[in-house]
Amino acid sequence: QVQLVESGGGSVQAGGSLRLSCATSTYTFGNYCMGWFRQAPGKEREGVAGIVPTVGRTVYGDSVKGRFFTSQDNAKKMVYLEMNSLKPEDTAMYYCAASRRLWYGRSCLDSADFDYWGQGTQVTVSS
């Protein structure tokens with residue numbers, strides 16, 4: 001059973017930073033996408049960032065480009081999301097996700113390509 005556990009969420013003022021972590025102890029890194037998604041109340045789930053850990057390929061949603069950065073630590077089997085210059089509209093539940101499908105031809109930002117999901121961690125940005 002694959003388990004993904006997010007941590008690092010919290011409350012921060014606009015302009016601040018947070019770093020989310022995703023522990024993937026039961027998931028094997030491979031040529032598969034891992035991603036970060038978020039969902040605010042009343043809104044659809046949005047792809048924030050994607051990464052292919054074995055090749056270091058990263059992609060970002062338009063709303064976070066230049067502010068958010070994702071990375072991995074293969075030895076610790078961790079994936080991170082560094083969030084900078086946070087805005088109130090970044091407020092949402094953030095989820096870590098992993099795929100078991102080869103990443104070729106996939107954006108790594110489409111939730112339909114992901115098979116495993118964490119429980120989420122709340123990020124609240126106040127103005």
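In what order do the elements of the protein chain run from the N terminus on? The order is β-β-β-β-β-β-β-β-β-β-β. The protein chain has eleven strands and zero helices, where strands (E, at least two residues) and helices (H or I, at least four residues) are DSSP runs numbered from the N terminus. The model is a predicted one, in which local features need pLDDT of at least 70 and side-chain atom pairs count only at pLDDT 80 or more, while totals for chains, interfaces and linings use all residues. Residues are numbered from 1 along each chain as its sequence is written, and side-chain values use heavy atoms, with hydrogens and water left out.

The overall dimensions were computed next. The C-alpha trace of the protein chain spans about 40 × 25 × 25 Å along its principal axes. Its radius of gyration is 13 Å, which agrees with the value near 14 Å that a compact globule of 127 residues would have; the radius is taken over C-alpha atoms, and the globule rule is 2.2 Å times the number of residues to the power 0.38. Of the 127 residues, 43% count as buried. Buried means under 20% relative accessible area, exposed means over 50%, and partly exposed covers the range in between (1.4 Å probe, protein chains only). The accessible surface of the protein chain comes to about 6,300 Å², and 46% of this belongs to carbon and sulfur atoms. Accessible areas come from the Shrake-Rupley method with a 1.4 Å probe, and for residues only the protein chains shown count as cover.

Contacts (heavy atoms within 4.5 Å) were also counted. Among those between residues at least 6 apart in sequence, 59% join residues at least 24 apart. The protein chain carries 13 positive and 11 negative side chains, and the centres of the two sets lie 3 Å apart. Lys and Arg count as positive and Asp and Glu as negative, whereas His and the chain ends are not counted. The place of a charge is taken as NZ of Lys, CZ of Arg, CG of Asp or CD of Glu.

The structure holds two disulfides, a disulfide being a pair of cysteine sulfur atoms within 2.5 Å. With the bonded cysteines of the protein chain numbered in sequence order, the pairing is 1-3, 2-4.

Cys33 belongs to strand S4 (residues 32-39) and Cys108 to the loop between S9 and strand S10 (116-117), so the pair ties together parts 75 residues apart in sequence. The link of Cys33 and Cys108 is left-handed, with -65 degrees about the S-S bond. Cys33 is buried at a relative accessible area of 1%, and Cys108 is buried at 1%. Phi of Cys108 is near 70 degrees, a positive value in a residue other than glycine.

Ala97 lies in strand S9 (residues 92-102). Its relative accessibility is 0%, so Ala97 counts as buried. Not counting residues up to four places away in sequence, Ala97 touches Leu4, Met34, Gly35, Phe37, Phe114, Tyr116 and Trp117. The C-alpha atoms of Ala97 and Ser25 are separated by 13 Å, the two residues being 72 residues apart along the chain.

Thr24 is found in the loop between S3 and S4. This residue counts as buried at 0% relative accessibility. Leaving aside neighbours within four places in sequence, Thr24 is in contact with Gln3, Leu4, Phe29, Met34, Lys77 and Met78. Leu4 and Met34 are also among the residues that Ala97 touches.

Lys77 counts as partly exposed because its relative accessibility is 23%. Phi of Lys77 is near 55 degrees, a positive value in a residue other than glycine.
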